[in-house]
Structures are given as C-alpha cells and as structure tokens.
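Let's take a friendly walk through this structure together.

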Amino acid sequence: WTTPPPDRSTTSDEASAVAAARRYYAEFNQALKTLDTEALRLTFTGCRICSEDADRIDQAKAAGWKFEQAVFDLKDVRVTSRPDPTHIVVRGMLASPPLVVRNASGAVVHSSTGASGYKDFVMVRSGEVWLVQALS
C-alpha cells in the first residue's frame, strides 16, 4: 500500500491561511508605527476585535497620541482545524511588547508590561484570499 499524496489545494490553502494570520500582525505593527490603519483593515472581515483595535489606532491618531515599542511578534503559527472548505483555524504564540502610549505633549497616557500567550485566528476565504474573521 502506498500513501496518497496530500491534496495540494488543502496544503496551499493552509499555508495561505497561516501567511494571512502573520500578515495581520505585520500590518498591525505597521499601523501602530504609522497610525495608518488602511492596510490593516484589508486583512480582516467581520472581526470585532480587529475592528476595535483599528478604531483605537485611528482614535489615537486623531488625539495626537503615539505608540512606543509596539512590535508584536507572532511565532509558531500552525493550522489547528479546518471546519469547512472556507474556514481554517490557526494558532500562534504572540509576544506582546511592553507598550507605552504618549499624548501629543509626550505624557504617558497608557502603559503595559507586555505578555505572551497563544492567539487563535478563525480565517475565512474571501475570493482568492484568506482574511481574519475572529481572534481569541
């Protein structure tokens, strides 16, 4: 008996979904740095947490605030399940940096110590691309 080769479309979809999860955090980091959420908003659809985070960045920009040391690092991203042909669930280890937010005059208005833990992404196929539909 021989093992049949893996379904290339499944393998390709899974790799694309993993890449899309990584792209979300790459764009998130860029949005924190530039305060421009346009590219970030193209990486998700229907994701409440994603929208809230993008809205917070827009509000910070409007208030003249800046984010310091804002580089989130997503590692070891892998597929955990595929409930149907249009959805893939992936998980990765997210390291959140100590974050400082300063207002227009330079005063600290928020800070956090940072943390790391697993982040789950529900990815959805939208046409030929995979987008973040939910984060937890």
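R48 is exposed, with a relative accessible area of 55%; exposed stands for over 50% relative accessible area, buried for under 20%, and partly exposed for what lies in between, all with a 1.4 Å probe and protein chains only. This is a predicted model, in which local features need pLDDT of at least 70 and side-chain atom pairs count only at pLDDT 80 or more, while totals for chains, interfaces and linings use all residues. Residues are numbered from 1 along each chain as its sequence is written, and side-chain values use heavy atoms, with hydrogens and water left out.

**Helix α3 and its two sides**

R48 forms a salt bridge with E52, with 3.1 Å between the closest N and O atoms. A salt bridge here is a side-chain nitrogen of Lys or Arg within 4 Å of a carboxyl oxygen of Asp or Glu. Because R48 and E52 are four residues apart in helix α3, about one helical turn separates them. E52 counts as partly exposed, at 31% relative accessibility. Helices (H or I, at least four residues) and strands (E, at least two) are DSSP runs, numbered from the N terminus.

R56 is partly exposed, at 47% relative accessibility. An α-helix has 3.6 residues a turn, so residues three or four places apart point the same way.

Which residues of α3 are buried? They are C50, A54, I57 and A60. They cover an arc of only 115° around the axis, which puts them on the same side of α3; the arc is that of the directions from the helix axis to the C-beta atoms. The face turned away from this buried side carries the exposed residues R48, Q59 and A62. With 16 residues, α3 reaches 22 Å from its first C-alpha to its last, close to the 22 Å expected at 1.5 Å a residue, where the expected span is 1.5 Å times one less than the number of residues. G64 follows α3 and has a positive phi, near 80°.

**Salt bridges**

A search of the whole structure finds nine salt bridges. Three of them are set out here.

| Pair | Closest N to O distance |
|---|---|
| R48 and E52 | 3.1 Å |
| R102 and E68 | 2.6 Å |

R102 forms its salt bridge with E68. R102 lies in strand β4 and E68 in strand β1 (residues 66-68), so the pair ties together parts that are 34 residues apart in sequence. R102 counts as partly exposed at 28% relative accessibility, and E68 is partly exposed with a relative accessible area of 30%. Elsewhere, D13, R82 and R125 are linked in a network of salt bridges.

**The disulfide**

How many disulfides does the structure hold? It holds one, with a disulfide taken as a pair of cysteine sulfur atoms within 2.5 Å. The partners are C47 and C50, their sulfur atoms 2.3 Å apart. The link is right-handed, with 65° about the S-S bond, and both C47 and C50 are buried.

**The nonpolar core**

A nonpolar core is a set of buried Ala, Val, Leu, Ile, Met, Phe, Trp, Tyr and Cys residues joined through side-chain atoms within 4.5 Å. The largest one has 32 residues, of which Y24, Y25, F67, F121, M123 and V132 touch the most other members. The elements giving two or more residues to this core are α1 (8-34), α3 (48-63), β2 (73-84), β3 (87-96), β4 (99-102), β6 (115-126) and β7 (129-135). Of these, α1 gives the most, with nine residues.

F121 touches A21, Y24, Y25, L74, I88, V89, V90, V132, A134 and L135, not counting residues up to four places away in sequence; contact means heavy atoms within 4.5 Å. F28 sits in helix α1 and is buried, with a relative accessible area of 8%. Beyond its neighbours within four places in sequence, F28 is in contact with L40, D53, I57 and F72.

**The whole chain**

The protein chain has three helices and seven strands, in the pattern α-α-α-β-β-β-β-β-β-β along the sequence. Its C-alpha trace spans about 70 × 30 × 20 Å along the principal axes. Buried residues make up 32% of the 136 residues.
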